[in-house]
Amino acid sequence: MILTEDRILEMLKEVKDPEIPVISLVDLGVITGIEINDGHVTVNMTPTFIGCPAMDYMKQDVVDVLSKNGIENHTVNLNLKTTWSSDLISEAGKKALKKFGLAPPPVHNNVIEDLDIIEHAECPNCDSINTTLKSPFGPTLCRSLHHCNNCGEAFESFKPI
Amino acid sequence: MYGGGQVFDSSSVNNELLKDEDPQKLAEFEARIERGEKIEPNDWMPKLYRKQLVRMIEQHGHSEIIGALPEGTWITRAPGFKRKLALMAKVQDEVGHAQLLYGAAETLGKSREQMIEDLITGKSKYSNIFNYPTFTWADSCFISWLVDAGAIVNQLANARGSYGPYCRALDRICAEESFHLKYGHHCVIHLATGTPKQREMMQEAVNRWWAPMMHFFGPSDKMSTHTQILTKWKVKMATNDECRQQFLDMYVPKIWELGLTIPDENLKKNKETGEWEFTEPDWEEFKRVINGDGPCNKERLAVRRTAEERGAWVRRALTAKTKGEEYVAPLA
Ligand SMILES: [Fe+2]
Ligand SMILES: [Fe+2]
Ligand SMILES: [Fe+2]
């Protein structure tokens with residue numbers, strides 16, 4: 001089997017976010033680079049925020065998946081040179097988040113003009129935009145809490161960052 | 001985290017409330033639940049159903065918020081930077097769970113302010129286990145691993161219930177609790193396989209917390225009268241004893257595996273029945289603590305009350321209408 005970047009990405013789709021088990025690290029955009037040199041595989045990971053306490057667990061999961069697939073010759077790096085952005089979440093990832101009850105973040109291309117952007121969230125349960133922000137912080141800093149005035153759902157939204 | 005027992009104080013199930021319900025609507029409602037449909041906020045529901053759900057979800061929310069306190073005091077004293085980060089994130093998760101749950105309870109018509117008011121005046125209850133102190137770091141590790149484990153047993157059962165918003169919130173909460181469990185397990189393994197002093201510290205924590213842990217799932221089914229209607233309506237999805245048995249089955253072997261002992265010489269699995277046997281927990285103590293006379297009840301509520309009072313000016317400022325200046329929610 002010839003190792004390619006795509007094949008490794010495919011393998012790593014098995015590694016899920018430890019707190020959001022419906023999305024893989026690949027779809028979340030945490031896997032920020034794969035290099036293959038003479039059969040040596042390097043995986044670069046960028047945490048969603050610096051100091052993420054789940055990073056060690058995720059790194060271990062990546063190592064386990066590589067080993068399980070017979071790739072013993074590997075390095076898993078923490079890449080802090082680039083910062084993670086919610087724009088890195090794939091379309092498939094956004095769909096999975098929505099299905100899980102987390103409104104996905106809108107694309108922002110690093111320009112956030114309206115500070116009140118988080119006040120507008122689309123209900124993941126009924127797609128209504130008639131929603132009210134209840135709290136700018138949820139279980140983690142990257143999520144806010146909302147109420148849907150249409151279907152009554154209490155939901156969370158992933159912030160655009 | 002969350003404890004199920006006290007929530008279903010069966011005396012609160014007042015069947016009188018059912019008398020003036022429209023029999024046809026009631027039959028339709030029950031048929032929907034029977035078919036496995038979820039009930040949504042705008043749907044018709046019996047008053048008794050609404051009342052019991054508010055009570056259950058609200059008490060679950062209170063347990064999350066009060067449950068953050070015994071662990072929270074260990075953030076500043078956590079051994080090392082990594083543990084500190086992880087514990088901080090876990091405690092924040094728990095408070096977030098409370099927010100999510102208050103949100104779900106609000107969909108049934110009780111305001112968040114009223115819920116918080118009922119918590120600090122002692123009118124609503126929260127999980128009894130948080131009325132015990134965390135003397136050492138090992139106590140905090142016990143909570144992260146085993147109290148969260150107990151909570152998962154309860155919550156996974158509830159997540160199969162009939163009220164849509166609560167079930168959906170629980171699915172997300174359970175995903176986070178599983179991560180807490182993993183973190184807690186690692187912390188306990190670290191101590192249990194450490195120096196003699198670390199092992200001793202962990203063993204002492206198990207000794208202290210075993211009784212509250214057995215209380216956690218609530219009084220034995222033998223002691224509580226039937227709450228048939230709540231089972232039929234899929235509000236209560238598993239009995240206290242079922243949850244306790246499941247917990248014992250999953251975690252006692254894991255505790256023993258680490259070379260720790262459990263302070264109950266009668267604890268063993270009956271090979272024939274497949275059930276765990278144990279010394280009956282002291283239900284008098286349970287009642288006493290639930291009714292306010294535990295080692296930390298006063299302290300827990302005092303902390304919550306102080307937080308409420310100190311934050312009052314912020315809430316006033318946020319809702320005050322200043323000319324031409326509108327509040328903008330911060331991004332981070
Ligand atoms: Fe909605
Ligand atoms: Fe929790
Ligand atoms: Fe938890």
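Colleague: Is C123(A) buried or exposed?
Modeller: This is a predicted model, and the relative accessible area of C123(A) computed from it is 1%. The cut-off for a buried residue is under 20% relative accessible area. With its 1%, C123(A) is therefore buried.

Colleague: Which residues coordinate the iron ion (ligand 1)?
Modeller: The contacts are made through SG atoms, at 2.3 to 2.4 Å from the iron ion (ligand 1). Along the sequence, the donor residues follow the spacing C-x2-C-x21-C-x2-C. The residues are C123(A), C126(A), C148(A) and C151(A).

Colleague: How far apart in sequence are the parts that C123(A) and C148(A) tie together?
Modeller: C148(A), with 0% relative accessibility, counts as buried. C123(A) is found in the loop between strand 4 (102–103) and strand 5 (131–135) of chain A, whereas C148(A) belongs to strand 6 (residues 143–148) of chain A. The pair therefore ties together parts whose separation in sequence is 25 residues.

Colleague: Is the site of the iron ion (ligand 1) tetrahedral or irregular?
Modeller: Four donors count as tetrahedral if all angles lie between 85 and 135 degrees. Among the 4 donor atoms of the iron ion (ligand 1), the angles are 103 to 115 degrees. The site is tetrahedral.

Colleague: Which geometry has the site of the iron ion (ligand 3)?
Modeller: Its protein donors are E94(B) (OE), D148(B) (OD), E177(B) (OE) and H180(B) (ND1), at 1.9 to 2.2 Å. They are spaced E-x53-D-x28-E-x2-H along the chain. The angles among the 4 donor atoms run from 90 to 151 degrees, and the site is irregular.

Colleague: Which residue bridges the iron ion (ligand 3) and the iron ion (ligand 2)?
Modeller: These two ions lie 3.6 Å apart. The bridging residue is E94(B).

Colleague: How many residues separate E94(B) and E177(B)?
Modeller: E94(B) is in helix 3 (residues 81–106) of chain B, and E177(B) is in helix 6 (residues 164–192) of chain B. Both residues are buried. The pair links distant parts of the chain, with a separation of 83 residues.

Colleague: How many residues of helix 6 of chain B are buried?
Modeller: Helix 6 of chain B reaches 41 Å from its first C-alpha to its last, close to the 42 Å expected at 1.5 Å a residue. This helix is largely enclosed by the rest of the structure, because the buried residues number 21 of the 29.

Colleague: What is the relative accessibility of E58(B)?
Modeller: E58(B) has its place in helix 2 (residues 47–72) of chain B. Beyond its neighbours within four places in sequence, E58(B) is in contact with several residues, including L53(B), Y102(B), K110(B) and D118(B). E58(B) counts as buried, at a relative accessibility of 3%.

Colleague: Which strands stand at the edges of the open sheet of chain A?
Modeller: This sheet has 3 strands in the order 1-2-3, with mixed pairing.

Colleague: In which sense do strand 2 and strand 3 of chain A pair?
Modeller: Strands of a sheet pair through backbone hydrogen bonds, either parallel or antiparallel. In strand 3 of chain A, H74(A) stands opposite V41(A). Strand 2 (residues 40–45) and strand 3 of chain A pair over 5 bridges, and the sense is parallel.

Methods:
Residues are numbered from 1 along each chain as its sequence is written. Chains are lettered from A and ligands numbered from 1 in the order in which they are written. This is a predicted model: local features need pLDDT of at least 70, side-chain atom pairs count only at pLDDT 80 or more; totals for chains, interfaces and linings use all residues. Side-chain values use heavy atoms; hydrogens and water are left out. Donors are N, O and S atoms within 2.8 Å of the metal (3.2 Å for Na, K and Ca); water is not among the atoms, so sites may look incomplete. Four donors count as tetrahedral if all angles lie between 85 and 135 degrees; four count as square planar and six as octahedral if opposite donors are over 155 degrees apart and all others between 65 and 115; anything else is irregular. Helices (H or I, at least four residues) and strands (E, at least two) are DSSP runs, numbered from the N terminus. Buried means under 20% relative accessible area, exposed over 50%, partly exposed in between (1.4 Å probe, protein chains only). Two strands pair if DSSP finds at least two bridges between them. The expected span of a helix is 1.5 Å times one less than its number of residues. Contact means heavy atoms within 4.5 Å.
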